[in-house]
Amino acid sequence: MADVVPAKISVQQAMTAGGAPSSSKAMAEESIAFDIKDFSMWYGARQALHDVTIRIPAKKVTAIIGPSGCGKSTFIRALNRMHELTPGTRIAGDLRLFGENLYGPEVEPTVVRRRVGMVFQKSNPFPTMSIAENVLVGLRLNGLTQKDFLRQRLEESLRMAALWDEVKDTLGRPGISLSGGQQQRLCIARALAVKPEILLMDEPCSALDPIATAKVEELIHSLRANYTVVIVTHNMQQAARCSDKTAFFYMGKLIEYDETRAIFMNPANPQTEAYVSGRFG
Amino acid sequence: MQRFFDAELESLRTHLLRMGETAIRQVRDAIKALVESNPSLADQVIAADDELDHLEVEIDNEAIRYMNLRAPVATELRLVIVGMKASHDLERVGDEASNIAKRAVRLSAEPPLKPYIDIPRMAGIATEMLRGALDCFLTDDADKALAICKRDAEVDEINRQLYRELTSFMIENPGTISRALEIMFISKSLERIADHATNIAEEVIYLIRAKDVRHTDEVKKTSGA
């Protein structure tokens, strides 16, 4: 039986412990965050992912690119079991985070989603909550209420999201009073507050203007020092600017995966070249 | 899939090929002016150098515009980069041809030092190398481009041989010094033209294979430099 996430570690303990890998075996494999073999997914009878095998490195930015409907979002949602919120999905294959099987029978999806945070295309701060409440909601829901701890984590998360200086004097204002770019960074701060090991970003800049996009990209660049980032993007230049490795998907299959420099300078597959050159179709 | 801006890249390719043809013609005409002692033809070569200068500027402008507006990647990016580098090499070939023509004018005022055999031979190899590099650009033939790089050693050897021969001339008969020096400089120009042809061949290999072979064992001259 494959290794599982130790279910006896509480979510509280995990949130206060920080973002380090949770087992000594994982420490030995810490250069690879996700080790995925022959991974497939179905939505009912429709197969959305076909035998994907990929190793995503730790503390690097990996971009997932491909045309609409190629399986990018399906793949990224499989990395933190978000697809399970959609009825009728099933998977096959092996998907490990720092050597631990994320789909083991004793693995709690909520623990997985604490370790693997996610930011969505459309920023979604909770509309009835203030800026501070938005950041701390994950911690509070898991019973962490000590004020000094929360204050420290609030500032830390907003600083990591490059938002602290802009909101430190208005933490009580509604999260939705912020601009689009600020709301997205608020959502990133919210994800970071629970100390994930991985940050998944599903087209985080597609609704943002160029200046807000640049700020989020700078944030992604700074986050790589401490986090593994996997980003889905339709923007080729963004993938080229921000990522260390790039994976090209088409019709649910991984077509090519390599250093970003290689994908954009000399892709091995003609389909990849056609796509990154804007000549796909 | 065709794009509306494909014509811009095609224009860059066309200009590069035209530049190559012009540069080859300039070298051939400059040597012809020398061998036939034809100062009028030499003057035409000198005047025609402007065309190569304008084409280099045009290609640079096209390349910069394409990079700025179209964000090329992969093969297209390599094509734009190679276009800029090769146009610079071809412009220098034109300058060397113009220098040969100027020396041909001066030499036409005196009897030839000896029959021109080695100079046309060098020029023949150098222009074959240029022609070959352009053909490889058209046909995506990286193996042939590699073979061109290795021919540079032949031109270098003839240059060294001429240098020794002309040095002997000058020592034995100081009255030949001015003509011998002109021929030495012409030989040096042809040696530089072959170097530029080698550069273009290396750039074509980079375009086709995304591999930088400059200064590698793969292109080192067979007889050593």
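In this predicted model, chain A has an open sheet of four strands, in the order β2-β1-β4-β5 and with antiparallel pairing. Strands here are DSSP runs of E with at least two residues, helices are runs of H or I with at least four residues, and both are numbered from the N terminus; two strands pair if DSSP finds at least two bridges between them. The edges belong to β2 (46-57) and β5 of chain A, each of which has a single partner strand, so one side of each is left without a neighbour in the sheet. Further in, strand β1 (residues 32-43) and strand β4 (residues 89-97) of chain A run antiparallel and are joined by eight bridges. One of the pairs puts A:I36 against A:L95 in β4(A). β4(A) also pairs with strand β5 (residues 100-101) of chain A, again in the antiparallel sense, over two bridges, with A:L97 having A:E100 as its bridge partner. Two residues sit between the strands of this β4(A) and β5(A) hairpin, and A:F98 takes a positive phi near 45° there.

A few words on conventions. Residues are numbered from 1 along each chain as its sequence is written, while chains are lettered from A and ligands numbered from 1 in the order in which they are written. Because the model is predicted, local features need pLDDT of at least 70 and side-chain atom pairs count only at pLDDT 80 or more, whereas totals for chains, interfaces and linings use all residues.

Chain A has another open sheet, this one of six strands with mixed pairing, in the order β6-β7-β8-β3-β9-β10. Here β6 (116-119) and β10 of chain A take the edges with a single partner strand each, so one side of each lacks a neighbour in the sheet. On average, neighbouring strands of this sheet are turned by 20° against each other, direction ignored; axes are lines fitted to C-alpha atoms, for helices over the stretch in contact, and angles run from 0 to 180 degrees between N-to-C directions. β3(A) and β9(A) run parallel, joined by four bridges, and A:T62 stands opposite A:K245 in β9(A). A:F248 faces A:E256 in β10(A), and with two residues between the strands, A:M251 takes a positive phi near 50°.

Helices come into the picture too. Chain A has 12 helices and 10 strands in total. Helix α8 (residues 180-193) of chain A lies across β6 and β7 (198-202) of chain A, running at about 170° to β6(A). Helix α9 (residues 210-223) of chain A holds A:K215, which counts as buried because it has 20 C-beta neighbours inside 10 Å. The cut-offs are 20 or more other C-beta atoms within 10 Å for buried, 12 or fewer for exposed and anything in between for partly exposed, with C-beta atoms placed from the backbone. Setting aside neighbours within four places in sequence, A:K215 is in contact with A:A162 and A:G181; a contact needs C-beta atoms, placed from the backbone, within 7 Å. Across chain A as a whole, 46% of the 281 residues count as buried. Of the chain A contacts between residues at least 6 apart in sequence, 71% join residues at least 24 apart.

In chain B, helix α6 (residues 177-209) has 33 residues and reaches 48 Å from its first C-alpha to its last, close to the 48 Å expected at 1.5 Å a residue; that expected span is 1.5 Å times one less than the number of residues. Just after α6(B), B:A210 takes a positive phi of about 55°. The contact between the chains takes eight residues from chain B and 12 residues from chain A. On the chain B side, five of these are nonpolar, one is polar and two are charged, where Ala, Val, Leu, Ile, Met, Phe, Trp, Tyr, Cys and Pro count as nonpolar, Asp, Glu, Lys and Arg as charged, and the others, Gly among them, as polar.

As for confidence, pLDDT is the predictor's confidence in each residue, from 0 to 100. Chain A averages 89, with 89% of the residues at 70 or above. Over residues 18-29 of chain A, though, the pLDDT is below 50. Where pLDDT is low, the predicted coordinates should not be read in detail. Chain B has a mean pLDDT of 94, and the predictor gives the complex an ipTM of 0.74 and a pTM of 0.82.

Technical notes. Two residues are in contact if their C-beta atoms, placed from the backbone, lie within 7 Å.
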